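Work through the exercises below with the structure in view. Try each task before reading its solution.

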Amino acid sequence: MTRSGPPDDRRVPARVEQKRPPASAPWYYILNRGAAQLIPLSLAYRVSVPITDAFYRLWRSKRETALRNYAGILRRPPHDPLVAWTARSCFRQFGRYIVELGHVQGWDTDSVMERLEMEGEQHFDEAEAHGRGVIFVSAHMGSIEVASSLVVLRGYKITSVAEDLRPRLLMDWIRTCRAKMGITLLPATGSGIRLLRALRRKEMVAFVVDVGVDGVEGVPITFCGRQTVFPVGPARLARLSGAPIVFGLAARQPGGRFLVHIEPPLLSDRRLDAEEDARQLTQRIAEIFERFVRRYPDQWYAFREMWPGDDSGALQR
């Protein structure tokens with residue numbers, strides 16, 4: 001692991017030189033990296049706005065899901081102007097995320113460091129002190145690419161899980177981008193043993209926790225004042241491995257900058273039975289996530305149903 005001196009609340013990670021893509025890199029990755037070095041981030045952001053506005057109008061299922069989720073958070077009906085404004089802004093923020101997914105591939109170490117401000121980097125040191133690896137949890141929120149760059153710059157080898165996306169070229173592009181950053185993507189199911197082995201090697205495994213209620217193996221928790229389920233995988237893995245859980249995200253700021261938040265590590269409580277331990281630990285993760293949703297509501301990509309049996313009419317208050 002790299003170190004950058006005594007911890008404080010706001011600092012950038014230690015310098016770690018990034019490798020050039022090998023000659024065998026796929027053509028679309030080479031094209032992506034070249035374009036990212038030529039096109040300013042601010043220009044790419046501007047181009048994304050009319051595109052995401054069109055998606056907001058045309059992609060009805062995702063728009064309505066976002067409206068329901070924001071209605072639940074804001075405690076307003078789905079047709080409320082504030083709910084609609086937040087949902088539209090969410091689509092625009094997601095467009096910026098897609099831009100960053102490609103643009104970060106062209107950044108060198110200096111470019112990453114110049115754009116980052118940090119809160120709580122010392123919590124990585126606290127988690128590492130346990131000597132059991134680190135379980136990093138985040139959400140579909142802010143800039144996932146910048147958060148990934150941060151942990152890579154700290155010298156972590158990262159293993160994560162991901163659902164397959166369509167079209168296939170999109171998934172291949174994402175896998176290639178992650179691999180060039182030193183991140184291994186595994187299938188979303190059936191990867192528990194490999195994740196446990198990574199932790200035993202004192203590496204990092206990473207999860208996103210806002211996967212929605214459809215088909216998730218989870219535990220019941222309260223999120224934004226309403227009952228739902230969150231995935232139980234991180235909590236169960238923490239109990240099996242003894243590894244701490246660290247929640248972090250990179251929130252978008254004006255001027256193409258990012259504020260990275262790293263939360264204090266969470267530990268499994270072996271005094272509880274396994275199921276109650278998993279529920280309590282997952283509830284604590286949900287509470288941290290909720291705090292950031294309320295701080296940066298439109299930076300949450302709220303495109304999946306978060307509450308089972310959600311009835312928009314029940315939100316008319």
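**Exercise 1. Cysteines**

Is Cys90 buried or exposed?

*Solution.* This is a predicted model. Start with the cut-off: buried means under 20% relative accessible area. Cys90 has 0% relative accessibility, so Cys90 counts as buried. Now take Cys224. Its relative accessible area is 0%, so Cys224 is buried.

Next, how many disulfides are there? A disulfide is a covalent bond between the sulfur atoms of two cysteines. The rule asks for a pair of cysteine sulfur atoms within 2.5 Å. By this rule the count is zero.

**Exercise 2. Glu305 and its partner**

Find the residue that forms a salt bridge with Glu305, and say where each of the two lies.

*Solution.* Step one: the whole structure holds 16 salt bridges. One of them pairs Glu305 with Arg68, and their closest N and O atoms are 2.3 Å apart. Step two: place the residues. Glu305 sits in the segment after helix H11 (274-295), while Arg68 belongs to helix H3 (residues 60-74). The pair links distant parts of the chain, 237 residues apart. Step three: check burial. Glu305 has a relative accessible area of 18%, so Glu305 is buried. Arg68 is buried, with a relative accessible area of 18%.

**Exercise 3. A strand and a helix**

*Solution.* First, the contact. The side chains of Arg252 and Glu100 form a salt bridge, 2.7 Å from N to O. Then, the places. Finally, burial: both Arg252 and Glu100 are buried.

**Exercise 4. A network**

Which residues are joined with Arg154 into one network of salt bridges?

*Solution.* Begin with one pair. Arg154 and Glu121 form a salt bridge, with the closest N and O atoms 2.6 Å apart. Both ends sit in loops. Arg154 is in the loop between helix H7 (144-153) and strand S3 (158-162). Glu121 is in the loop between strand S1 (116-119) and helix H6 (122-128). The two residues are 33 residues apart.

Check burial next. Arg154 has a relative accessible area of 2%, so Arg154 is buried. Glu121 is at 1% relative accessibility and counts as buried.

Now widen the view. Salt bridges that share partners join Arg154 with Glu121, Asp125 and Glu128 into one network.

Note on methods. Residues are numbered from 1 along each chain as its sequence is written. This is a predicted model: local features need pLDDT of at least 70, side-chain atom pairs count only at pLDDT 80 or more; totals for chains, interfaces and linings use all residues. Side-chain values use heavy atoms; hydrogens and water are left out. Buried means under 20% relative accessible area, exposed over 50%, partly exposed in between (1.4 Å probe, protein chains only). A salt bridge is a side-chain nitrogen of Lys or Arg within 4 Å of a carboxyl oxygen of Asp or Glu. Helices (H or I, at least four residues) and strands (E, at least two) are DSSP runs, numbered from the N terminus.
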